[in-house]
Amino acid sequence: MSNAGIGRSRHWRIAAFAGLALLATLAAAGYAITSWTGARHNASRTLFSATRLMATAVRWRLRDEQVALASLGRDIAHLPRLGRGGDYLGIGRLGRRFMARRRAIIALAVLGPHGSVWWRAPAGPSAVPGTRGASGWARTQSAGAFRVGRPRTGRGVPMWFAVRAGPRVRFLIWALWSPGRGRSGGLDAMVRAPTVAGLSWDRGPVVAIGPPLPVPPAAVRIPIAGQRPAGRLTVDLGGHGGRWLGAYQRVPGYAFAVFALRPLGAVYARGREAAYGAAIWLCAVWVAIGIVYGSVVRGETRLVRERVAAEGRWSEAKIEIEGIVQSLAEAVFATDRDGRIEYLNRAAERLTGWTQSAVHGRVLHDVLPCLDEYRGTPFDPVAECLAGQALVSGEALVFHRDGHGVAVEYGAAPRHGPDGRVSGVVLSLRDAAEKRVLTERLAHQATHDPLTELANRILFHERLERAVAEVRAGDGAVALLFLDVDGFKRVNDTLGHSTGDRVLVLIADRLRRVVRTTDTLARLGGDEFAVVLPGLRTGQDALPVVHKIMAAFREPLVVALGEVMLGVSIGIAVYPDDSGDSRALVRAADAAMYEAKAAGKNAYRFFGGDDMSRPSDSLLARAADLRQALEREEFSLVYQPQVRAANRQLVAMEALLRWTHPTEGVKYPGEFLAALEEAGLMVELGAWVLRSACRQNRRWRDLGLGAFPVAVNISGDQCAHEGLAELIDTVLAECGLRPDDLVLELAEKLFVDAEDPLAERLLRLQERGVRLVVQNFGGASPILATLRRLRVEALKIEAAFVAGIGDEHDEAVVLALIALGRALSLRVIASGVETAAQYRFLTEAACDVLQGRYIAAPLDVEAATAYLQAHGITRG
């Protein structure tokens, strides 16, 4: 919507809301005025109806009083008299009974024919007025005549009734009637309403009022107009009662009227309430209109702001998108539905040599002809995209403005307008030269070792299979050399992995110089290399290359930390002499390489003979079995107690490794440790042993079997591994154990060099709180310097010395070792205690801890648990 449209909409909206407000005001005013005037009209009508009802009631009341007085006269006439001209006997009793029944009669007198009072009530001279006129009226009226006189101010209305008592005797009954007493005159109907009612004689005083006015009745004058039988009036009581609304009704046949009054304030109260309600309603309507108007205004303002903000964002987004498109490395063209160029970015200008101003409005195919790269035929990707209305992509050859061709990858996609119809095409072009370089680089990375740039396993197997296939199709032989660097592990452990990587690069460079250009040199992993020698007549033709490789390793390798001397073990297998396919050839060369290592290393061996064909007897086969055993979880732990020599109380449980071979049965560590080292599984298996032993210790603690350490044997490979300390921290945290809940038992030969990096690692372990024990003590070179530096907890005497107890020389050695431990303040543990004699000798020699079958044989988990339940446990 334009600004002019928004202005017109605002004017119409203001007019509409103003009209609604005016209508609401007029409606409220009309309702208030109608309620105000209606209240007066309704009150007047109600008062007029009340006076008519009252007039009728008073008339019937008067008739009822007339009948009652006539009955009283007859009753008096029948009373006995004292004599001629005397009083009637019992007239007082009859009068009192009459007044008790007629509560509206407030005074009563019976007069004789000459005005003499025969009886009156109440007694007293003021009860009955002068009787001269009354007696005259009685003499002139026929018997039974009835008359109501002018009201006596503030008291009541006098009534006369003439009665004939005999042929010559007449008497008059005089009564003073008060319409305000009891239920007289029907005024009680008005007492129950918020209205004042009463009787008035023409313009005279008020006779009776109920409920009372704020001024005395005698002071009130009711302005009854003329001789009209009924009417409405307004009475002003001045400062006492204010203005009153009223109505009057003359009583037919009598000279007085009945009136009813209501305060104008009470009459107009309802009108005021209606007016107040209308005002409140009007205010509520105005507030609602204001709220709605404000909401609409705010909504429109918000919409306008949002539209302005959206336009700003769209403009910013358009600029940003254009900047993004301009910064793309891909060339982008935008065309209309006729294929005419509308836009191109800077990358497109660089790729084609055309500028935006030069090609705008021109057909893309005329500016940028395309050829199918594979078929060489011209085509138009924009036309194809418009025809199919779908994405088209592929590779093509486009021509620069100066005429040279550029190989590209293209993608053309239809673009749609606001109506959803195709409005053109977006064409993107990418220079394919970069992709080809990247593809070649990725292909090289996929088939070559990233460190040495030699062929990796993938390329090695591919080249080997190709060479075998060529020999299978013709004649000749293929030789496969498996190389394993001797002593490389020592380089990694002592000089670090970075130096080890540098050594591998130097080895790869030397091997490149000695192999033929037709050969394939590959690194299979770690320090293992392989060489495929195709095009040989026999396997012996591989020997010149083998000798060159052996000679290359005789020269030292120069690194930053000095010179490194290494050897190489080479296994040689020949196709088709030693195998029927490439995979079997790999296994044969691997087995031959292990035979070269077993022969003393730094040598080569050809695969051949019956011994070489039995992989179960070779170190290679055993290493393969161990890998599978680890995967199949064939390893398990048994536990042997270590007890105090003095009281045979438990000190620790040592975890011992067992291998349950599927065909050969249980294997002890001495039978497969060498193969584990050659297979490189010591670190992985050692981590499993450490974690399993600590978890079992945790289970025993959870069963309430006591807190004691578990001892685990650590190999040299594990000690040399840089992640040993972190592994121990992780395992202890997982199992909820303290560092002193773990004892590491290390072979004596690991402590030979006190300055070896291994000592630094062991010191870090000891700083964490892990306890160290030297096992097989006495079987290697002196290690006192290292023991002094490391503060080892205990020395463990080799079982071979314990087995020799009984021989004086061996006993002397054992005693010397115990004395050495004492001198170094170390505990001494004797392993391999098999007999009671050995137990007694070691106990008498003050050996601290004993371990062996005499105490308990190695136990599986269930048996070890039973042992712990049966014996007292004391933390060592």
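Strand S26 (residues 650–661) and strand S28 (residues 710–714) run parallel and are joined by three bridges. Helices (H or I, at least four residues) and strands (E, at least two) are DSSP runs, numbered from the N terminus, and two strands pair if DSSP finds at least two bridges between them. This is a predicted model, in which local features need pLDDT of at least 70 and side-chain atom pairs count only at pLDDT 80 or more, while totals for chains, interfaces and linings use all residues. Residues are numbered from 1 along each chain as its sequence is written, and side-chain values use heavy atoms, with hydrogens and water left out.

Strand S27 (residues 665–667) is another antiparallel partner of S26, with three bridges. The bridge partner of Trp659 in S27 is Lys667, and three residues lie between S26 and S27 in their hairpin. S26 is mostly covered, with eleven of its twelve residues buried; buried means under 20% relative accessible area, exposed over 50%, and partly exposed in between (1.4 Å probe, protein chains only).

Strand S1 (residues 105–111) is also mostly covered, and seven of its seven residues are buried. S1 pairs with strand S5 (residues 170–177) in the antiparallel sense over six bridges, and Ile105 has Trp177 as its bridge partner in S5. Strand S2 (residues 117–121) runs antiparallel to S1, and four bridges join the two. Five residues separate S1 and S2 in a hairpin, where Gly115 in the turn has a positive phi of about 90°.

Helix H16 (residues 582–598) has 17 residues and reaches 25 Å from its first C-alpha to its last, close to the 24 Å expected at 1.5 Å a residue. The expected span is 1.5 Å times one less than the number of residues. Of the 17 residues of H16, 13 are buried, so the helix is largely enclosed by the rest of the structure. After H16 comes Gly600, whose phi is positive, near 125°.

The structure holds zero disulfides, a disulfide being a pair of cysteine sulfur atoms within 2.5 Å. The sulfur of Cys694 is too far for a bond because the closest cysteine sulfur, in Cys735, is 5.3 Å away. Cys694 is buried at 1% relative accessibility.
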